[in-house]
Amino acid sequence: MVLRHGHIVLLAASVLTASVQMNTAFAQAGALSTLDGMFEKLKGCWRGPELPRGHPGMQITVLFSFKRDGELLGRPRITFETPDASQADSIAYRTAVMETLQRCSPMPFSGGLGDAVAGRPFRMRFDDRRNQPKPVERKAWLSPKIL
């Protein structure tokens with residue numbers, strides 16, 4: 001069988017096209033396609049600060065946006081912190097939140113999710129309260145009384 005120059009170019013182009021399509025499919029296999037997936041990935045990147053035993057921890061909320069390619073857009077902003085937290089705790093938690101966002105970016109967005117989230121603000125709350133005693137409810141009015 002004799003291949004002409006045009007056939008060789010056509011064969012090479014089809015092999016190259018198939019290779020690019022396979023690489024795109026493999027890249028998108030790990031891509032995030034839902035907001036739930038994005039928030040789960042962010043939760044997986046969270047590493048709370050090291051605290052001494054018995055420390056109550058705190059809550060912190062951050063506002064951030066992504067670009068279409070999964071990079072952070074602008075600077076994330078802290079919108080809430082536990083009011084009675086010390087300055088040292090506040091700094092430790094702010095650092096942990098920023099490290100979480102850096103660890104997770106760029107986010108591996110699928111094309112559709114990247115288009116949908118680009119420039120949109122997201123708010124995420126990290127609740128790292130530890131060793132909080134659960135309130136004890138007294139049900140004295142429900143107890144049967146024996147007279």
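Author: This is a predicted model. Let's begin with Thr100: apart from neighbours within four places in sequence, Thr100 is in contact with Leu42, Cys45, Trp46, Arg47 and Phe126.

Reader: Okay, and where does Thr100 sit?
Author: Thr100 is part of helix α3, which covers residues 87-104.

Reader: Is Thr100 buried or exposed?
Author: Buried, because its relative accessible area is 0%, and the cut-off for buried is under 20%.

Reader: You mentioned Cys45. How many disulfides does the structure hold?
Author: The structure holds one disulfide. Cys45 and Cys104 form it, with their sulfur atoms 1.8 Å apart.

Reader: Which parts of the chain does that pair link?
Author: Distant ones: Cys45 is in helix α2 and Cys104 in helix α3, 59 residues apart. Both cysteines, Cys45 and Cys104, are buried.

Reader: Is the disulfide right-handed or left-handed, and why?
Author: The torsion about the S-S bond of Cys45 and Cys104 is about 95°, so the disulfide is right-handed.

Reader: Switching to rings. How many aromatic pairs are there?
Author: A search of the whole structure finds six aromatic pairs. One of them is Trp46 with Phe126, which is stacked: the centres are 4.6 Å apart, with 25° between the planes.

Reader: Where do Trp46 and Phe126 sit in the chain?
Author: Trp46 is in the loop between α2 (35-45) and β1 (59-66), while Phe126 is in strand β3 (residues 121-127), so the pair ties together parts that are 80 residues apart in sequence.

Reader: And are those two buried or exposed?
Author: Trp46 counts as buried, at 19% relative accessibility. Phe126 is buried as well, with a relative accessible area of 6%.

Reader: What about Phe64 and Phe122?
Author: Their ring centres are 6.3 Å apart and their planes are at 35°, so that pair is tilted. Phe64 is in strand β1 and Phe122 in strand β3, 58 residues apart, and the pair links distant parts of the chain. Phe64 is buried at 3% relative accessible area, and Phe122 is buried at 11%.

Reader: Which residues do ring pairs link into a cluster?
Author: That would be Phe39, Phe64, Phe66, Phe109 and Phe122.

Reader: Nice. What's in the largest nonpolar core?
Author: That core has 25 residues, and those with the most contacts inside it are Met38, Leu42, Val62, Phe64, Phe66, Met107 and Phe109. At least two residues each come from α2, β1, β2 (72-81), α3, α4 and β3. The largest share, five residues, is from α3.

Reader: What does Val62 touch?
Author: Setting aside neighbours within four places in sequence, Val62 has contacts that include Pro76, Ile78, Val97, Leu101, Phe122, Met124 and Phe126.

Reader: New topic: which peptide bond is cis?
Author: The one from Ser105 to Pro106 is cis, with omega near 5°. Most peptide bonds are trans. Pro106 is in the loop between α3 and α4 (111-117).

Reader: Last thing. What is the average pLDDT?
Author: The chain averages a pLDDT of 80, and 69% of the residues score at least 70.

Reader: Where is the pLDDT below 50?
Author: Residues 9-13 are one such stretch, with zero contacts in the model beyond near neighbours in sequence. Where pLDDT is low, the predicted coordinates should not be read in detail.

Notes
Residues are numbered from 1 along each chain as its sequence is written. This is a predicted model: local features need pLDDT of at least 70, side-chain atom pairs count only at pLDDT 80 or more; totals for chains, interfaces and linings use all residues. Side-chain values use heavy atoms; hydrogens and water are left out. Rings of Phe, Tyr and Trp (its six-membered ring) pair if their centres lie within 6.5 Å; planes under 30 degrees apart count as stacked, over 60 as edge-to-face and the rest as tilted. Helices (H or I, at least four residues) and strands (E, at least two) are DSSP runs, numbered from the N terminus. Buried means under 20% relative accessible area, exposed over 50%, partly exposed in between (1.4 Å probe, protein chains only). pLDDT is the predictor's confidence in each residue, from 0 to 100. Contact means heavy atoms within 4.5 Å. A disulfide is a pair of cysteine sulfur atoms within 2.5 Å. A nonpolar core is a set of buried Ala, Val, Leu, Ile, Met, Phe, Trp, Tyr and Cys residues joined through side-chain atoms within 4.5 Å.
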